Amino acid sequence: MTTQTRSTTALVPPVEETRYEEELARGLAAADEEAFAAIYRRWGSLVHTMATRSLGDTHEADDVTQQVFIGAWRGRNGFRPDRGALGAWLVGITRRKIIDALAARTRRLSLVDSAAHGAAPAATAAAAPDDVLDRVLLVEALSRLPRAQREVLCLAFFEDLTQAQIAERTGVPLGTVKSHARRGLHRLRMVIEQDHV
């Protein structure tokens with residue numbers, strides 16, 4: 001086989017490509033897990049690359065990728081082949097999830113900023129000096145955590161939200177919220193213990 005023949009056989013004709021995509025779309029509509037796995041293999045890296053480029057954070061991009069495919073699976077009945085290709089539909093979901101992640105980041109940053117600048121509940125103003133010092137040390141220790149862990153702990157500490165409420169507000173899967181909380185508390189303990197030493 002010549003190099004020319006080898007390179008042309010490696011290419012998939014557009015007609016076969018279209019048929020394969022239509023087959024995957026039918027599998028998705030029928031809740032076929034194997035078809036969905038093939039969809040993930042085919043478009044997962046594109047979704048992750050888009051999220052990484054937009055967010056500049058691979059961990060956040062991992063979360064967005066997970067949310068995109070969970071959203072695609074749950075919303076599979078909303079896919080209409082007559083309105084566009086399956087890949088384009090996934091790209092649309094990805095864009096919405098990226099926008100949601102950027103909005104959550106903005107909320108997180110403003111929450112941390114308000115906590116750092118003394119936007120504390122009124123009861124804290126009259127608190128004992130030790131309580132104020134503890135709060136300052138806590139905010140400083142929180143600022144040294146990774147962004148995702150800091151956001152979860154700030155929502156839990158300062159807004160008294162449950163993990164389920166945090167997942168609902170941020171759009172992050174509950175399992176991810178739980179792992180961020182667990183890791184964040186562990187790191188927070190380590191940071192505080194190091195400061196005491």
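This is a predicted model: local features need pLDDT of at least 70, side-chain atom pairs count only at pLDDT 80 or more; totals for chains, interfaces and linings use all residues.

**Cavities.** I took the largest cavity, and its volume came out at about 160 Å³.

Which residues lie nearest the centre of the largest cavity? I noted Glu60, Asp63, Gln67, Arg108 and Val172. They belong to a lining of 17 residues.

I then asked which helices supply the lining. At least two residues each come from α4 (58–74), α5 (86–116), α8 and α10 (174–196). Helix α5 gives the largest share, five residues. By class, I recorded seven nonpolar, three polar and seven charged residues in the lining of the largest cavity.

**α3 with α4.** I turned next to α3, residues 33–55, and its packing on α4. Their axes come within 8 Å and cross at roughly 140 degrees. The crossing of α3 past α4 is right-handed.

I looked up the contact residues on both sides. From α3 I listed Glu33, Phe36, Ile39, Tyr40, Trp43, Gly44, Val47, His48, Ala51, Thr52 and Leu55. They meet a set in α4 that includes Thr58, Glu60, Ala61, Val64, Val68, Phe69 and Trp73. The contact of α3 with α4 divides into 13 nonpolar, five polar and three charged residues.

**α8 with α9.** My last entry concerns α8 (residues 147–159) and α9 (residues 163–170). They pack at an angle of about 120 degrees, with axes 10 Å apart. That angle makes α8 oblique to α9. I logged the crossing of α8 past α9 as right-handed.

Which residues of α8 meet α9? I found Glu151, Val152, Leu155, Ala156 and Glu159. Their partners in α9 are Ile166, Arg169 and Thr170. The contact of α8 with α9 splits into four nonpolar, one polar and three charged residues. I also marked α8 as one of the helices that supply the lining of the largest cavity.

Terms used
Residues are numbered from 1 along each chain as its sequence is written. Side-chain values use heavy atoms; hydrogens and water are left out. Axes are lines fitted to C-alpha atoms, for helices over the stretch in contact, and angles run from 0 to 180 degrees between N-to-C directions. Helices (H or I, at least four residues) and strands (E, at least two) are DSSP runs, numbered from the N terminus. Angles under 35 degrees count as roughly parallel, over 145 as roughly antiparallel, 65 to 115 as roughly perpendicular and the rest as oblique. A crossing is left-handed if the near helix is turned anticlockwise from the far one by less than a right angle, and right-handed if clockwise. Contact means heavy atoms within 4.5 Å. Ala, Val, Leu, Ile, Met, Phe, Trp, Tyr, Cys and Pro count as nonpolar, Asp, Glu, Lys and Arg as charged, and the others, Gly among them, as polar. On a 1 Å grid over the protein atoms alone, a cavity is a set of points where a 1.4 Å probe fits but cannot get out, and a pocket is an open set with protein on both sides within 12 Å along at least five of seven lines; lining residues have an atom within 4 Å of a point. Grid points are joined across faces, edges and corners, and a volume is the space filled by probe spheres set on the points.
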